[in-house]
Amino acid sequence: MYTTVNEQGILNNYANEPKAYYAAYPSPEQQSRYVFQGAAALLFVAALVLIALGVS
């Protein structure tokens with residue numbers, strides 16, 4: 001951990017920052033998984049809305 005001391009003797013601690021890197025473009029397998037997750041989320045939200053409308 002990186003620590004500094006100012007003129008008044010107060011300590012200031014800094015966290016270690018991770019190295020930055022560029023993200024890799026998702027593979028076709030990951031893309032199809034994202035589509036499936038999006039469709040499942042859409043069905044879940046639609047079911048919640050329909051249940052809420054039915055109950056009210």
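Q: To start, which residues does the UniProt annotation "transmembrane region" cover?
A: Residues 34-55, according to an unreviewed UniProt entry. UniProt positions are given here in the numbering used for this model, feature names are shortened, and annotations may be inferred rather than shown by experiment.

Q: What should I know about the model itself?
A: It's a predicted model, where local features need pLDDT of at least 70 and side-chain atom pairs count only at pLDDT 80 or more, while totals for chains, interfaces and linings use all residues. Residues are numbered from 1 along each chain as its sequence is written, and side-chain values use heavy atoms, with hydrogens and water left out.

Q: OK, back to residues 34-55: how much of that span is helix, and how far apart are the ends?
A: The span is 100% helix and 0% strand, and its end C-alpha atoms lie 32 Å apart. Helices (H or I, at least four residues) and strands (E, at least two) are DSSP runs, numbered from the N terminus.

Q: What's the pattern along the sequence?
A: β-β-α, with one helix and two strands in the protein chain. The radius of gyration is 24 Å, well over the 10 Å that the globule rule gives for 56 residues, so the chain is more spread out than a compact globule. That radius is taken over C-alpha atoms, and the rule is 2.2 Å times the number of residues to the power 0.38.

Q: And the dimensions along the principal axes?
A: The C-alpha trace spans about 65 × 40 × 10 Å.

Q: What share of the residues is buried?
A: 0% of the 56 residues. Buried means under 20% relative accessible area, exposed over 50%, and partly exposed in between (1.4 Å probe, protein chains only).

Q: Switching to the strands, how do they pair?
A: Strand 1 (residues 2-5) and strand 2 (residues 11-14) run antiparallel over four bridges; pairing takes at least two DSSP bridges between strands. T4 sits opposite N12, and V5 faces L11 across the pair.

Q: Which residue in that hairpin has a positive phi?
A: G9, near 85°, in a hairpin with five residues between the strands. The C-alpha atom of G9 is 39 Å from that of Y22, 13 residues away along the chain.

Q: Where does Y22 sit, and is Y22 buried or exposed?
A: Y22 is in the loop between strand 2 and helix 1. Y22 counts as exposed because its relative accessibility is 83%.

Q: How many salt bridges are there?
A: One, joining the side chains of R33 and E29 at 3.3 Å, N to O. The criterion is a Lys or Arg side-chain nitrogen within 4 Å of an Asp or Glu carboxyl oxygen. R33 and E29 are four residues apart in helix 1, so about one helical turn separates them. R33 is partly exposed at 41%, and E29 is exposed at 56%.

Q: Last one: which residues make the nonpolar surface patch?
A: F44, V45, L48, V49, L50 and L53, giving about 620 Å². Patch residues have over 30% relative accessible area and no salt bridge, with like charges joined within 9 Å and nonpolar side chains (Val, Leu, Ile, Met, Phe, Trp, Tyr) within 5 Å. Areas come from Shrake-Rupley with a 1.4 Å probe; for residues, only the protein chains shown count as cover. F44 lies in helix 1 (residues 28-55) and counts as exposed at 53% relative accessibility.
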